Amino acid sequence: MLLLAFDTATPAITVALHDGTHVLAESTTVDARRTGELLAPGITAVLTAAGRKPGELTGVAVGVGPGPFTGLRVGLVTARALGDALGIPIHGVCTLDVVAYQTKIEEPFAVATDARRKEVYWAQYTDRFTRSTDPDVSHPSLIAERLAGLPIAGEGAVLYPEAFPKAIGPRHPSAGALAELTIRRLQSDPDSLLFPEPLYLRRPDAVEPGTRKRVSTG
Amino acid sequence: MTALKDSPLVLGFETSCDETGVGIVRGNTLLADAVASSVEEHARFGGVVPEVASRAHLEAMVPTVQRALSDAGVTLADIDAIAVTAGPGLAGALLVGAAAAKAYALALDKPIYGVNHLAAHICVDQLEHGPLPEGCVAMLVSGGHSSLLFVPDVTGDVQPLGQTIDDAAGEAFDKVARVLGLGFPGGPLIDKAAREGDPEAIAFPRGLTGPRDAPLDFSFSGLKTAVARWVERRERAGDKIPLADVAASFQEAVVDVLTRKAILACKESGADHLLIGGGVAANSRLRVLAEERAAKAGIRVRVPRPNLCTDNGAMVAALGSELVRRGRTPSHLDFPSDSSQAVVDVVVR
Ligand SMILES: [Zn+2]
């Protein structure tokens, strides 16, 4: 097995290569505005570091968000194109689940990531493998009470300490963890892997024009 | 290797606006031109909604590549190089095409060229009329652009002569079509309505044609307002709007200015060929008037067929093919998309 994993749903552009036993190489850069520039070179970098060729890949794991749309789409279209070009399967995983998997705690918690516009993408977990709510997007103050007392992983806790005082790591997902989680799911519960469809959770901003505006005053 | 360079098989991606275009060319021969358009999803908004376009690009990308390959009767393994629009265009939309193209290039281990959309609009005519004459003038007119360019070398030397200072020509068509209640996109609808009308019925203004105006720049915003005012005045008076006459007179005002300035650009730069591209190049009156005026000035007009004038992947593949043949350096995998890419930057490296 040679699994390529990446996630672009947060400011971290993270890429890893996994052989079924170990993470062979990992590369992470935090720069939300350059996802389109950094992802492809990141993939080449992990392949080169491990001395492997694209043609040896047996699958792609990709974080499907939720996350800001532009960066998220870069990851998903890259996964779909690689899957098409190499004839290999693509496995989607909720990005919040990757962050949850990276926490090392035993008690219930929540994950919150930056959704911009003063909102967070979030979900609750009973343990690091088990999500108990659907991912959602909310203003931190509106969910602070509901999540009161829970440790919060992800950048949301760093950005909104008033709403989420109990911040725990990690801040961003890691592609090495994404690869591990994907392999676990492939072995134990393949149906839990998702199609490479973005979790947008928001509709596009678009307004249908009303009646025509007058251009003249007189 | 020489044979490959003479007629490389190039896969081109275009996602700068609402068309997901994937084209395949071998040398100057068009093999496939697959386009998936999200235009219907934008119609009710009266214009392209960037986020709607970006979402549609993601969904259409791989199916459009597969359609292009099957139309061309080739496989990905046959491809020699990849080209993709790096800019200008809608930022989020450009990124989807660039990311897809980079992924294919990476997987196939082939060179990639991040190219200028406007240069691609020019180069596409090679697929129809053969190699471009050295030093022609190109006029690109669409919903997104209105430019006059001097083109000594489409792979490396494209010089801006003039452009719109406000609305693009195609934008004016869309806005006037809305004023007249014709629908979106406006270009073909106005063209059709104008056929029954009198182009001299109403004297609409010709923007930037005064003695002190920039001779090769355009302005269509005043014209659009003038049409809206004229229609409102009629409506207030309770008169019926002569749709065909308004459409024909508006269209004549646009086309008159475009062709006048295009011929002037040819004369000033000593070019004996005028190339017209972009969606508005499909306008029937523009084609007729350009031919008429160019003939008088001893200039030859080249206009690709309508489906090569609008945004498509074949134009990007055509430019990619020319870049390979001229031995130009490919882009690095980390090249940026640039929504406001200058026309002088033909390839982003
Ligand atoms: Zn265009």
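In the predicted model, chain A and chain B bury about 3,300 Å² between them. Carbon and sulfur atoms give 62% of that area. The size of an interface is often given as the accessible area lost when the parts come together. Counted by residues, 38 of chain A are in contact with 38 of chain B.

Polar and charged pairs were also counted across this interface. Between chain A and chain B, 7 residue pairs are in polar contact, both partners being at pLDDT 80 or more. The rule finds 2 salt bridges across the interface. One of the salt bridges joins B:Glu51 to A:Arg73. Their closest N and O atoms are 2.9 Å apart. On the side of chain A that touches chain B, two or more residues come from each of helix H1 (35–50) and helix H2 (69–86). H2(A) gives the largest share of that side, 13 residues.

The zinc ion has its protein donors in chain B. These are B:His117, B:His121 and B:His145, each through NE2, and B:Asp311 through OD. The donors lie 2.1 to 2.3 Å from the zinc ion. Angles subtended by the 4 donor atoms run from 87 to 163°. A tetrahedral assignment requires all angles to lie between 85 and 135 degrees. The arrangement is irregular because of the angles that the donor atoms subtend. Along the chain, the donors follow the spacing H-x3-H-x23-H-x165-D. B:His117 belongs to helix H5 (residues 117–123) of chain B, whereas B:His145 sits in the loop between strand S6 (136–141) and strand S7 (146–153). The pair therefore ties together parts that are 28 residues apart in sequence. Both B:His117 and B:His145 are buried.

A further site was examined in chain A. A:Thr133 is placed in the loop between strand S8 (130–131) and strand S9 (136–138) of chain A. Its relative accessibility is 16%, so A:Thr133 counts as buried. The cut-off for buried is under 20%. The side chain of A:Thr133 reaches the backbone nitrogen of A:Gln124 at 2.9 Å.

Definitions and conventions
Residues are numbered from 1 along each chain as its sequence is written. Chains are lettered from A and ligands numbered from 1 in the order in which they are written. This is a predicted model: local features need pLDDT of at least 70, side-chain atom pairs count only at pLDDT 80 or more; totals for chains, interfaces and linings use all residues. Side-chain values use heavy atoms; hydrogens and water are left out. Donors are N, O and S atoms within 2.8 Å of the metal (3.2 Å for Na, K and Ca); water is not among the atoms, so sites may look incomplete. Four donors count as tetrahedral if all angles lie between 85 and 135 degrees; four count as square planar and six as octahedral if opposite donors are over 155 degrees apart and all others between 65 and 115; anything else is irregular. Helices (H or I, at least four residues) and strands (E, at least two) are DSSP runs, numbered from the N terminus. Buried means under 20% relative accessible area, exposed over 50%, partly exposed in between (1.4 Å probe, protein chains only). A polar contact is a pair of N or O atoms within 3.5 Å; within protein, one must be able to donate a hydrogen and the other to accept it, and residues adjacent in sequence count only if both atoms are side-chain atoms. Contact means heavy atoms within 4.5 Å. Buried area is the accessible area (1.4 Å probe) that two parts lose on being put together, summed over both. A salt bridge is a side-chain nitrogen of Lys or Arg within 4 Å of a carboxyl oxygen of Asp or Glu.
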